[in-house]
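Please examine the sequence and the model together before reading on. The paragraphs below lead from a single loop residue to the packing of helices and aromatic rings.

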Amino acid sequence: MEAEMAAAAAAKAAAAAPDKKAKGGKTKLVQKSGTGIVRQWNILKKMVPEEEIPKFVDPLYWLNYFPPIGVDHMKKFGSGVDWRRSFITTAVNPYYDAFIRWQFNTLRAKGKVLYGKRNNVYSILDGQVCADHDRSEGEGVGTQEYVLIKLKVLPPEHNQARHGKIQALLDKQAADGNRAIYLVPATLRPETMYGQTNCFVLPTGEYGAYHVDATDEVFIMSARAARGLSCQLFDTEKSQYYTKEFGKITCLETFTGDELLGLPLSAPNATYDKVYTLPLLTISMNKGTGVVTSVPSDAPDDYVALQTLKDKPDFAEKYGITPDMVEPFDVVPIISIEGYGDASAVYMCEKLKIKSFNDKAKLAQAKDETYLKGFTMGVMEYGPHKGEKVSEAKPKIRDEMIAAGQACLYFEPESRVMSRTNDECIVAATDQWYLAYGEESWRDAVRKHVLNQDTFNAYDPAALGKYDYTIGWLKEWACTRQFGLGTHLPWDQQWVIESLSDSTIYMAYYAIAHVLQGVDNLNGEAGKSPGKIAAEDLTDDVFNYIYCNGPIPEGTNIPADALNKMRSEFRYWYPMDLRVSAKDLIPNHLTMALYNHAAIWDDEPALWPKGYYTNGHVLVDAEKMSKSKGNFLMMDETIKKYSADATRFACADAGDTIDDANFSRDTADTAIVSLANEENWINETLAEIATLRTGDDFNFMDKVLINETNRLIKATEDSFAAMQFREGLQKGWFEMMIARNEYRSWCSDGGVPMHEAVVRKWIESVIILICPICPHWSEKMWKAVGKEGLAIKAPWPAADQEDKLLTRQAKFLRDTLKNFRAAAGKAKKGWKECSVLISDTYPEWKVNVLTWMQGEYDNDAGAFPADFMKKLKGWTGANLEDKKLIKFAMQFASFVKREVEEVGTQAMDTTLPFDQKAILQGSESYIKSQLNLTAIDFILLGTEEETAANVPEKNSQNVTPGKPVLWMR
């Protein structure tokens with residue numbers, strides 16, 4: 001089939017040249033290339049030599065050309081990849097082809113692959129189902145069921161000239177066998193048809209009258225809807241389509257919406273014998289049939305539109321609508337909703353004060369609320385199902401109307417879908433092999449696995465929610481198409497397995513690819529197999545032995561040691577601990593992979609995927625990539641401009657969540673400077689290592705830097721383990737720099753040499769901490785510090801347990817200096833003396849707050865109760881009378897609560913567990929240098945020092961434990 005495709009494509013080669021003005025369809029690459037039409041030729045010009053472009057009419061040429069380039073660029077990026085295990089998919093690779101045939105034979109044997117007519121998103125132009133990866137727009141969009149309500153067109157009554165065409169059509173159909181003509185609005189709410197008061201069309205819309213062969217009736221609808229209907233089943237049991245020929249429907253007449261206005265109609269289930277066609281200016285011709293039935297009791301848009309025609313005669317007259325077409329038609333209550341009455345649309349419009357259909361935001365809010373409440377809480381108040389819940393009555397009424405010939409089913413994509421050939425897709429019922437996703441026991445097993453935090457890690461609550469949602473809606477999936485690249489369905493060779501379905505367990509193929517294919521053998525060429533294995537020898541029995549503990553295959557040509565090696569390799573690597581992918585693959589590939597693992601290894605849940613991490617899309621400088629904006633970056637050119645490490649640095653800094661990441665070119669530029677500066681500092685420090693202190697006598701800041709290094713080693717490890725690379729970069733680089741800078745300044749300003757052991761620990765730690773992000777820099781510096789081997793193979797730095805008290809002491813010094821800088825900046829000129837006021841005791845009200853907080857803290861849970869702030873408010877109100885003091889107490893308690901979360905329960909001690917004065921006096925030179933002071937003294941309040949200094953009360957009253965005050969005078 002691939003050869004046939006190549007031959008067919010070659011016949012179109014001339015169309016590929018830009019001067020031929022071929023009708024190239026938009027692809028995702030086009031979307032990255034500005035708003036103008038950018039043809040494939042022009043896209044490829046930016047990626048390959050122009051003389052190569054004609055060769056790309058052969059789809060196989062893409063497979064041969066780009067994968068080696070991808071490998072080369074990834075190597076330049078510094079990717080840690082075992083390239084022996086790299087391969088391409090599709091039947092071009094006979095080894096992988098055999099693997100996929102085994103997978104689908106296994107799935108079929110387990111009853112997971114079925115055959116029949118199924119509704120799928122379909123491209124009429126391509127002549128096949130349009131799966132997610134075949135789309136340029138609408139990835140992840142599924143099918144939506146509508147009910148077409150048959151509103152019979154009655155003879156026109158008002159002698160309006162615009163009705164000439166419809167009258168002629170009525171006469172002709174009557175002569176041809178009394179064939180009925182219907183306007184067919186598409187609705188999601190057949191249970192509301194009892195409340196119909198009219199029908200809406202778009203005055204400027206274009207409609208057609210189409211002959212429906214299955215019912216020998218005429219449907220008036222948009223051409224777009226008729227195109228979809230012609231590909232769908234009227235009777236699923238008999239496999240009878242609406243039209244005799246698939247995709248073809250006969251148009252008997254065309255109309256503008258204006259020519260349909262004012263027509264009398266007979267509406268099924270309506271309380272009125274006759275309703276009329278009225279204008280609605282907000283109808284979209286790109287959704288439904290372009291015809292809308294009106295139920296003003298439960299549809300806010302319908303109510304507002306009908307009231308507008310009643311309240312504004314001039315507006316009605318403009319469209320030829322006479323009073324008798326609107327005035328007699330009042331709202332018909334049909335559904336009762338507690339709190340909303342029996343006309344929820346009227347209630348919401350009055351509540352939100354909606355006066356016009358121009359109040360779009362309010363109408364959308366009203367619609368969402370009434371539809372949701374109507375379905376979940378509504379009770380039928382009219383018709384044979386009176387008293388039943390709407391959710392129960394809805395399917396019954398739908399089926400009754402269809403059985404009575406009053407309605408029929410119609411399907412559309414949930415939203416617009418465009419194929420890569422620029423065809424707007426419809427929903428078609430086609431003969432199709434499909435995977436029975438959604439089958440109850442299969443679905444429940446997957447959901448149980450995913451929602452159990454002991455068996456699966458989604459790394460992000462938002463991602464986990466998407467998996468749960470997808471598992472809930474993913475149903476029968478068309479897994480084959482009739483042409484394209486891929487593996488032929490083993491038992492039905494006319495079908496090709498589509499690209500999402502043949503990539504669901506290939507993670508298992510990685511485990512053995514190095515035995516089958518090896519290095520530089522992406523296509524699986526014969527004769528290059530390291531294991532001397534021929535692709536034709538890879539039978540289902542062989543794969544069952546490797547993957548499913550099957551018996552040794554009889555008569556195989558594969559050596560036993562090769563079989564056992566592949567089996568042991570698979571058992572060594574599986575289960576898959578982590579798969580990194582894109583968030584847009586959650587609704588298909590990733591969830592399908594879970595399903596397929598659960599089917600293939602149904603008796604070994606321990607082999608199912610243990611974790612997926614998903615990224616968002618990548619922005620550049622906070623904008624979507626676009627060549628027209630000059631911010632479309634290719635990996636190779638980015639590496640050449642910024643270096644691999646700076647590129648990786650900016651990628652890590654781009655973001656951690658499922659939201660879109662932002663690659664900042666400024667960050668890449670800054671990374672170059674930052675890495676170079678650190679390299680210089682490390683080299684200079686090592687060159688002067690003899691001048692540093694040695695021995696076991698560590699001062700306060702030596703201990704602080706050691707402790708900070710220990711803390712950041714653990715924090716970085718935790719961040720990387722959680723796939724939080726931005727956070728890991730923050731801890732393992734930026735905060736490490738801050739800690740070192742503080743230490744360096746403290747030593748320099750105090751005239752104290754740095755300590756060699758402390759500096760070495762910091763240097764060796766930061767080299768390894770940044771290694772996952774900037775491996776080239778780390779390797780260079782690892783050698784510079786005299787280490788053997790490779791940094792990437794070095795063990796993670798050893799870290800002692802963080803001394804939280806020391807962390808608190810360091811924070812005390814850091815925060816104190818920050819406050820002192822602010823105070824010094826406000827000092828008046830001429831002030832010469834400076835003192836630091838220190839207090840070891842809290843005022844009574846703060847002691848009371850701390851004591852109360854100690855009682856509220858749950859030591860077993862290691863946290864305050866969930867209603868802590870509510871309790872705090874009650875306690876302060878009962879124990880403090882001064883409103884100002886209550887406010888201060890609330891603020892103080894909130895601050896202490898955060899401190900407890902950071903450093904533990906010691907933050908609630910009524911006296912500080914460390915000597916503030918000793919810390920500050922030990923840093924006297926550092927403080928003086930930082931504040932540009934020549935002298936400073938330290939006064940402990942409540943002692944003779946305060947009395948001797950005669951400290952003013954206005955200064956002393958602001959001093960509390962942990963918050964010294966700078967007294968300048």
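In which loop is Asn-932 found? Asn-932 is found in the loop between helix H32 (924-931) and strand E31 (937-940). Helices (H or I, at least four residues) and strands (E, at least two) are here DSSP runs, numbered from the N terminus. The model is a predicted one, in which local features need pLDDT of at least 70 and side-chain atom pairs count only at pLDDT 80 or more, while totals for chains, interfaces and linings use all residues. Residues are numbered from 1 along each chain as its sequence is written, and side-chain values use heavy atoms, with hydrogens and water left out.

Asn-932 is not a glycine, yet it has a positive phi of about 60 degrees. Its relative accessibility is 70%, so Asn-932 counts as exposed. The terms are set by relative accessible area: buried means under 20%, exposed over 50%, and partly exposed in between (1.4 Å probe, protein chains only). Ser-239 is another residue other than glycine with a positive phi, near 55 degrees. Ser-239 lies in the loop between strand E11 (233-235) and strand E12 (240-241), and with a relative accessible area of 36% it is partly exposed.

Thr-430, in strand E21 (residues 426-435), is buried, with a relative accessible area of 11%. Contact means heavy atoms within 4.5 Å. When neighbours within four places in sequence are left aside, the residues in contact with Thr-430 are Gly-116, Lys-117, Arg-118, Tyr-122, Val-129, Tyr-241 and Phe-246.

Attention now turns to the aromatic rings. How many aromatic pairs does a search of the whole structure find? The search finds 59. Rings of Phe, Tyr and Trp (its six-membered ring) pair if their centres lie within 6.5 Å; planes under 30 degrees apart count as stacked, over 60 as edge-to-face and the rest as tilted. The pair of Trp-102 and Tyr-547 is stacked because the ring centres are 5.2 Å apart and the planes lie at 25 degrees. Trp-102 belongs to helix H6 (residues 94-109) and Tyr-547 to helix H17 (residues 540-547), so this pair ties together parts that are 445 residues apart in sequence. Trp-102 is buried, at a relative accessible area of 0%, and Tyr-547 likewise counts as buried at 0%.

Tyr-547 also forms a stacked aromatic pair with Phe-543, at 6.1 Å centre to centre and 15 degrees between the planes. Phe-543 and Tyr-547 both lie in helix H17, four residues apart, which is about one turn of the helix. An α-helix has 3.6 residues a turn, so residues three or four places apart point the same way. Phe-543 is buried, with a relative accessible area of 0%. Trp-102, Phe-543 and Tyr-547 are among the members of one aromatic cluster, which also includes Tyr-506, Tyr-509 and Tyr-574.

H16 is mostly covered, for 10 of its 11 residues are buried. Just after H16, Gly-518 takes a positive phi of about 80 degrees.

The last topic is the packing of helices. Two packed helices are described by the angle between their axes and the distance between the axes. Axes are lines fitted to C-alpha atoms, for helices over the stretch in contact, and angles run from 0 to 180 degrees between N-to-C directions. The axes of helix H28 (residues 844-856) and helix H29 (residues 868-879) come within 12 Å and cross at roughly 140 degrees. H28 and H29 are therefore oblique to each other; angles under 35 degrees count as roughly parallel, over 145 as roughly antiparallel, 65 to 115 as roughly perpendicular and the rest as oblique. The axes of H28 and helix H30 (residues 883-903) come within 10 Å and cross at roughly 50 degrees, so H28 and H30 are oblique to each other. The contact between H28 and H30 involves residues including Val-849 and Met-853 of H28, with Phe-888 and Phe-892 among those of H30.
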